[in-house]
Amino acid sequence: MIFDFSYLHFTLLACAATLLLFFSYVLLCSGLCSKGDDVQYIRSRNLIGYVCLVTGLDMLVLWTARDLVVTPAVICAWHVMCIHFASVLMFMSIVHLLDRNYLVPRRIKRHFGIWAVSAVLLWVGATLFNGVAQYVILLGAVLLFLGHTMHLVSMGLKMSERAKEKMDNFFSEGADAFVRWIKFTILLVAVLGLLSLSVPVLPGWGHVVLLLASILGWSYTFISYLNHVVAYGNVSSVLYRAEELGVAEEEAPEAVGETIVELAAVEQNEQTVAEEPAPANVPEDRSSLTERLMRENLDKWIVNGGYLKQGTTLEDLASELMTNRTYLSAYINNTYSCTFKEFIYMLRIEAAIQIMIAEPQINVEDLGGRVGIPSASTFNRQFVKQMGVTPAVWKITNLQNVG
């Protein structure tokens, strides 16, 4: 007996349409996920709500298609048009979380202009032509959709990488997980959208598998969006600060290290007369003096445990050391061969090791909170990245003879 997948297929279509329309209601109309007055978040949330609405309506039409007197070409044209429209909205929603200045009229018109051309080709081909001409026109519209979608995916991934680079010289709790979620969501939605183009050639069981994957994928996107956006306040403040500081430093490059050099000059003036003076022709140059003071002040900050403070940023440390963010970043990059974020994690992992040595009986699960990394998964990941093993394995291996 051969199982008939058509009933299961249409049942899943109805479930998927209902679920997506529910998601759109929550995102567009409900106050359940309101995050205050953050305009950028609200715009992104609304865009994702419209994505769910368009995709839900698409599945609703596909569900009712068996009762409609329309040709398969018309259904195909409608489906591709909806997927393309949802892809553009999804891209705008995700990118808007990374760059508040991206959604300008020029870019919006360009992306929706490409969609409009594809939509016109789809409907002209589906309604006015038959045979080979219809096939060629529909294929051209689908290729335009594929090219545009690949371009959007590529841009989204590049922008997430640039955002990660900006945040590498800050230290923002949850920023890594947020950027990973952005990249994964872009790829997930792109894969689901592209796979849905194969609906006309899939067997019955293929439709069922694709619908199950779509339901799971959209559920993940919706739930994780609500969860990861909790970290958005930290991420957005870091991105805005990086943009503002980047502009300020381009306008005032001469300010690098001036404050710390002034302090060094005062220190030199306070030296005792008993010291043997340096030869007049080899005075300590400005850069050497700045680097020496930087090293001394940074060492004091490390000894005092400043890196354990939650929410530490490069800008805060530069202000505390009375120097410029650009100079401090370059000093850390050159001296420790890492970014500011990696530098903070390195110091915190070293502090965790010292705590384990001093307190061999400490519970490893409580260790991350002691050194400023409250997330157990983040602490384990950073420990493995630096030491090659988990904290528990390191403790057993290195402290087995202690106590």
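Select Met-322, which is partly exposed because its relative accessible area is 40% (buried means under 20%, exposed over 50%, partly exposed in between, with a 1.4 Å probe and protein chains only). Met-322 lies in the loop between helix H11 (314–320) and H12; helices (H or I, at least four residues) and strands (E, at least two) are DSSP runs, numbered from the N terminus. Check the backbone of Met-322: phi is positive, about 55°, although the residue is not a glycine.

The model is predicted, so local features need pLDDT of at least 70 and side-chain atom pairs count only at pLDDT 80 or more, while totals for chains, interfaces and linings use all residues. Residues are numbered from 1 along each chain as its sequence is written, and side-chain values use heavy atoms, with hydrogens and water left out.

Next, select Ser-337, in the loop between H12 and H13. Is Ser-337 buried or exposed? Ser-337 counts as exposed, at 64% relative accessibility. Ser-337 also has a positive phi of about 55° without being a glycine.

Two packed helices are described by the angle between their axes and the distance between the axes. The axes of H12 (residues 325–336) and H13 come within 9 Å and cross at roughly 60°; axes are lines fitted to C-alpha atoms, for helices over the stretch in contact, and angles run from 0 to 180 degrees between N-to-C directions. H12 and H13 are therefore oblique to each other (under 35 degrees counts as roughly parallel, over 145 as roughly antiparallel, 65 to 115 as roughly perpendicular and the rest as oblique). The crossing of H12 and H13 is left-handed, meaning that the near helix is turned anticlockwise from the far one by less than a right angle, while clockwise gives right-handed. For the side chains, select Ile-332, Asn-333 and Tyr-336 of H12 with Phe-340, Phe-343 and Met-346 of H13, which make the contact (heavy atoms within 4.5 Å). By class, this contact of H12 with H13 has five nonpolar, one polar and no charged residues; Ala, Val, Leu, Ile, Met, Phe, Trp, Tyr, Cys and Pro count as nonpolar, Asp, Glu, Lys and Arg as charged, and the others, Gly among them, as polar.

The crossing of H13 and H16 is right-handed.

Move to His-84 in helix H3 (residues 72–98). His-84 is buried, with a relative accessible area of 1%. Beyond four places in sequence, the contacts of His-84 are Ile-114, Trp-115, Ser-118, Phe-145 and His-148.

Then select Cys-52 in helix H2 (residues 39–64). Cys-52 counts as buried at 2% relative accessibility. Not counting residues up to four places away in sequence, Cys-52 touches Leu-20, Phe-23, Ser-24, Leu-27 and Trp-218.

Finally, show the whole protein, which has 16 helices and zero strands. Buried residues make up 44% of its 403 residues.
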